[in-house]
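Here is a short report for a first look at this structure. Start with the sequence and the model below.

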Amino acid sequence: MNTERLIESLSADVPRVSRHALAKRVGLGILAGAVVTMLAVVIVLGIRPDLHLAMHGFSFWMKWTYTVSLGAGALYAVSRLARPTPGSLRGLWLLAIPVLVLIGVGIGELAATPSRQWLAMWLGTSWMVCPWLVLSLAIPIFLGLLWSFRKLAPIRLRAAGAAAGLAAGAWAATIYCLHCPESSAIFVLTWYSLGIALAAAAGAWLGPRVLRW
Amino acid sequence: MAASEDQLKTLMLGGLDGDAAAHGALLRALVPLLRSFYRRRLREAEGDVDDLIQETLIAIHTRRATYDRDRPFTAWLYVVARYRLIDHVRRRKSSVALEDVEAGLVADDVEAVAAAQMDLDALLATLSPKQARAILDTQIEGMSVAEAAQGAGIGESDVKISVHRGLKALAARIRGSRP
């Protein structure tokens with residue numbers, strides 16, 4: 001095809017691009033994925049029956065604060081890495097804060113609990129499935145972000161994939177909280193984080209393969 | 001004469017605001033810039049360079065939302081152009097791992113590099129294509145005279161004369177453009 005003809009056809013369709021187009025695109029992708037994950041939790045796993053009670057308790061909000069702040073930080077990284085000129089990612093060290101806070105809560109919890117109950121508190125009733133459920137629930141959100149990336153231009157594909165995986169894992173964990181009855185900080189710190197980290201690792205592995213453009 | 005950062009950025013912003021004429025003018029202005037950018041790095045058939053230019057124009061068009069209006073346009077442009085180039089090279093030689101070249105893409109001073117690139121392109125555009133290519137090959141890409149002659153399909157003495165005359169013309173131009 002002749003270059004001039006290509007330019008004519010490209011400039012025949014020039015919609016306005018708002019300043020926030022990139023954020024909207026990322027937001028839409030993650031939202032679409034989150035709807036699918038939400039449906040999976042509601043239909044397949046079921047909402048925990050005591051959700052309205054749990055929402056008045058500390059542990060539910062502790063879990064949500066942890067996963068939502070990881071998810072927000074990961075989205076910041078995604079929207080940076082979605083540009084060919086990502087600029088500085090130095091702000092990402094802030095992601096350590098929710099982890100450190102949760103470690104603090106966990107230490108307090110251990111101190112207040114007799115040590116013979118520690119193991120039961122750490123493993124809960126669902127430690128074997130929790131990381132895998134979080135990883136599985138992250139898939140629709142990751143796919144939503146892949147759709148977002150189709151009009152974006154990441155050049156650090158491994159980092160962008162890892163950030164997308166982290167965001168997918170953290171938001172999947174947020175939605176999973178609606179089902180999961182566990183309440184201890186050390187449970188969340190270990191098994192939720194493991195699921196989220198698996199999603200981030202999968203994203204880092206997939207990044208160079210699926211984000212090429 | 002090559003377009004400047006300011007002109008290109010104005011056209012880009014116009015296109016982002018929905019001005020189809022500005023967008024078309026931008027894409028047209030980018031063709032010679034991309035051509036000299038790719039020609040210098042790919043010693044291949046002209047058809048390959050044309051393919052790359054078209055792929056890059058499409059990428060610029062479809063991914064224009066990733067341009068940050070507060071930053072220089074040419075920095076964004078050349079990172080996109082380099083990414084397309086690396087992808088192109090990688091498709092031909094599947095042994096080059098993308099991770100290896102990623103490091104090269106993320107230059108800290110990408111804006112300074114882009115600015116220098118613009119200056120160089122603008123200056124070289126004032127020479128004849130033969131002189132510009134001879135200077136690029138021998139002075140910037142570090143090829144020997146024999147390699148440059150073979151690549152361009154001309155004699156070695158022709159390369160030497162082109163470099164000599166080209167550099168002289170550039171020196172005169174730089175002196176002349178000073179206030």
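Among contacts in chain A between residues at least 6 apart in sequence, what percentage join residues at least 24 apart? The share is 90%. This is a predicted model.

**Overall build**

Chain A has 9 helices and 0 strands. Its pattern along the sequence reads α-α-α-α-α-α-α-α-α. The chain has 213 residues, and 44% of them are buried. The C-alpha trace spans about 75 × 40 × 30 Å along its principal axes.

**One helix pair**

Now take helices α2(A) and α8(A). Helix α2 of chain A covers residues 21-45, and helix α8 of chain A covers residues 157-176. Their axes come within 10 Å and cross at roughly 40°. The crossing of α2(A) past α8(A) is right-handed.

Which residues meet where these helices touch? The table lists them by helix.

| Helix | Residues in the contact |
|---|---|
| α2(A) | Ile30(A), Gly33(A), Ala34(A), Thr37(A), Met38(A), Val41(A) |
| α8(A) | Ala167(A), Ala168(A), Trp171(A), Ala172(A), Ile175(A), Tyr176(A) |

What classes of residue make up the contact of α2(A) with α8(A)? It has 10 nonpolar and 2 polar residues. No charged residues take part in this contact. Gly33(A), in α2(A), is among the residues that meet α8(A), and Gly counts as polar. On the other helix, Trp171(A) is one of the residues that meet α2(A), and Trp counts as nonpolar.

Technical notes
Residues numbered from 1 in each chain as written. Chains lettered and ligands numbered in written order. Predicted model: local features only at pLDDT ≥ 70, side-chain atom pairs only at ≥ 80, totals over all residues. Axes fitted to C-alpha atoms, helices over the stretch in contact; angles between N-to-C directions. Helix = DSSP H or I, 4+ residues; strand = E, 2+ residues; numbered from the N terminus. Left-handed = near helix turned anticlockwise from the far one by under 90°. Contact = placed C-beta atoms within 7 Å. Buried ≥ 20, exposed ≤ 12 C-beta atoms within 10 Å, placed from the backbone.
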